[in-house]
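Visitor: I have the sequence and the fold up on screen. Could you walk me through a few spots?

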Amino acid sequence: MEYKELICNQHNLFGTISVPGDKSISHRAIMFGAVSRGETIVRNFLFGADCLSTISCFRKLGVRIEQEQNEIKIYGEGWNGLKEPSSILDVGNSGTTTRLMLGILAGRPFHSVVIGDDSIAKRPMNRVVLPLRKMGATINGREKGNYTPIAIQGGSPLKSITYELPVASAQVKSCLLLAGLQADGETTIIEPTATRDHTERMIQHFGGELSVQNNRITVKGNQQLTGTTIDVPGDISSAAYFMVAAAIMENSEVILKNVGLNPTRTGIIDVLIKMGADITIEKDTNTSFEPVGTVTVRNSTLKGIEISGDLIPRLIDELPIIALLATQADGKTIIKNAEELKVKETNRIDAVAKELSRLGANILPTDDGMIITGKTPLHGETVSSHGDHRIGMMLGIASLICKDKVTLEGYEAIEVSYPNFFEDLQSLIK
Ligand code: S3P
């Protein structure tokens, strides 16, 4: 565990930055490139630890993946280009790699074993293993397949299914769409609430057929995809830290360029607007595959709001930084229907409540969210990332408004999605 003394007692942030590439889209670009025929070029790929785990797994599966300057080139040979790996596929800390890759492996005719770190070993996999078994896959793992290590027997042809998701999860949806692309017949996934649709967009971008009707997504089976070029937008989940920092620090103005503005991900912007933030959005016009634009945020007076329902999947990864935002808003912010936070890289309800309380926030954890009462001044303490990148970055922003020293335990977790987070933050401090 490494310790870092964070930057504290700051009064304004000022400047322009481009946050690194989107994590969800970077993972998918590698996976879709790997199972397609022909060359795929990925620009603005996120070189964070999670996406590097995806590259490493697909290299072990026999796919040639090369880095040329800032681009990644994937030399796909179609689904059959994937070969039985001679060693374990290690996903590191990455839930997206685990769940999406299981959907690919379920349809392949070979044996493979998936393992990850201590956090991955605690994350539920039944949500993908059970429906994959319904499709005919043979999958075993710890506690009847709910936890890694997980072994995929391979070799049984997949049958299509119609499946209603019990939880709103883009990872589960994407896993089943990847399996569905290899199955016989049409697979339909029904979502309780819309979740990020990067997989749907990507299937079409790689020349695949897919139809979406309200909350029903249908893919044809036995589809071959074709390699393409992908420009990964900046990650709105990374941009969120600077949006919130600018909103809560006096005299601040931060301009974020090339931010992904996919409507299934922009819940953070809706929340900022509802709380009274000074925010402007300028959409770029020449985008096709995923919308992008420039987001400018300035300091303003904020008020507490309720965050619940359909909004939750549109900002699920931003809830830790939204909790910090709420500590600087007048009145109560109530976060509900967010029980999924308990099964992220760490239990984010407990971790956020514990660490922000240590800094002086008034925050009450609940069964499915939290209640935060603001506005409260924050003070220095030693805090922990709980090995979770998003908790680490949230605390990196919190310390800016703490009067005295904040030390972060486990700051290396930030590598997962934003290796240069502190350098970018430093560049905005004048
Ligand atoms: C992701 C989906 C979300 C999100 C995760 C990335 C994805 O997880 O929290 O960071 O890339 O599909 P769930 O699908 O489990 O909600």
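Visitor: Where is R390 found?
Guide: Keep in mind that this is a predicted model. R390 sits in a helix that covers residues 389-398, and that helix is α12.

Visitor: Is R390 buried or exposed?
Guide: Buried means under 20% relative accessible area. R390 has a relative accessible area of 2%, so R390 is buried.

Visitor: Which residues is R390 in contact with, leaving aside its neighbours within four places in sequence?
Guide: UniProt, in an unreviewed entry, has R390 among its "binding site" positions. With those sequence neighbours set aside, the contacts of R390 are K23, S237, Y241, D317, P320, R348 and S417.

Visitor: Where does R123 lie, and is it buried or exposed?
Guide: R123 is in the loop that runs between β7 (112-115) and α4 (126-134). Its relative accessibility is 4%, and the cut-off for buried is under 20%. R123 therefore counts as buried.

Visitor: Which residue does UniProt list for "active site", and where is it found?
Guide: The loop to look at runs between β18 (306-307) and α10 (319-327). The residue in that loop that UniProt lists as "active site", again in an unreviewed entry, is D317.

Visitor: Is D317 buried or exposed, and what does it touch?
Guide: At 12% relative accessibility, D317 counts as buried. Beyond residues up to four places away in sequence, D317 touches R196, S237, Y241, K344, R348 and R390.

Visitor: Why is α10 largely enclosed by the rest of the structure?
Guide: The buried residues in α10 are L319, P320, I321, I322, A323, L324, L325, A326 and T327. The helix is largely enclosed because its buried residues number 9 of the 9.

Visitor: How do α8 and α10 lie relative to each other?
Guide: Helix α8 takes in residues 236-248, and its axis comes within 10 Å of the α10 axis. The two axes cross at roughly 0°. Angles under 35 degrees count as roughly parallel, so α8 and α10 are roughly parallel.

Visitor: Which residues of α8 and α10 meet, and how do they divide by class?
Guide: From α8 come A240, Y241, V244, A247 and I248, and they meet I321, L324 and L325 in α10. By class, the contact of α8 with α10 has no polar and no charged residues, and 8 nonpolar.

Visitor: What about α1 and α2: at what angle do they pack?
Guide: Helix α1 covers residues 23-35 and helix α2 covers residues 49-60, with axes 9 Å apart. The two are therefore roughly parallel, and the packing angle is about 10°.

Visitor: Which residues make that contact, and what are their classes?
Guide: On the α1 side there are K23, S26, H27, I30, M31 and A34, which meet D50, C51, T54, I55 and F58 in α2. The contact of α1 with α2 divides into 6 nonpolar, 3 polar and 2 charged residues.

Visitor: Is D50 buried or exposed, and what does it touch?
Guide: D50 lies in α2 and is buried, with a relative accessible area of 2%. Not counting residues up to four places away in sequence, D50 touches K23, H27, N93, S94, T97 and V416.

Visitor: And G276: where is it found, and how far is its C-alpha atom from that of G304?
Guide: G276 is in the loop between α9 (267-275) and β16 (278-283), and its relative accessible area of 30% makes it partly exposed. G276 and G304 are 28 residues apart along the chain, and their C-alpha atoms are separated by 9.2 Å.

How values were computed
Residues numbered from 1 in each chain as written. Predicted model: local features only at pLDDT ≥ 70, side-chain atom pairs only at ≥ 80, totals over all residues. Heavy atoms only, no water. Axes fitted to C-alpha atoms, helices over the stretch in contact; angles between N-to-C directions. Helix = DSSP H or I, 4+ residues; strand = E, 2+ residues; numbered from the N terminus. Parallel < 35°, antiparallel > 145°, perpendicular 65-115°, else oblique. Contact = heavy atoms within 4.5 Å. Nonpolar A, V, L, I, M, F, W, Y, C, P; charged D, E, K, R; others polar. UniProt positions renumbered as here; feature names shortened; annotations may be inferred. Buried < 20%, exposed > 50% of the residue type's maximum accessible area, 1.4 Å probe, protein only.
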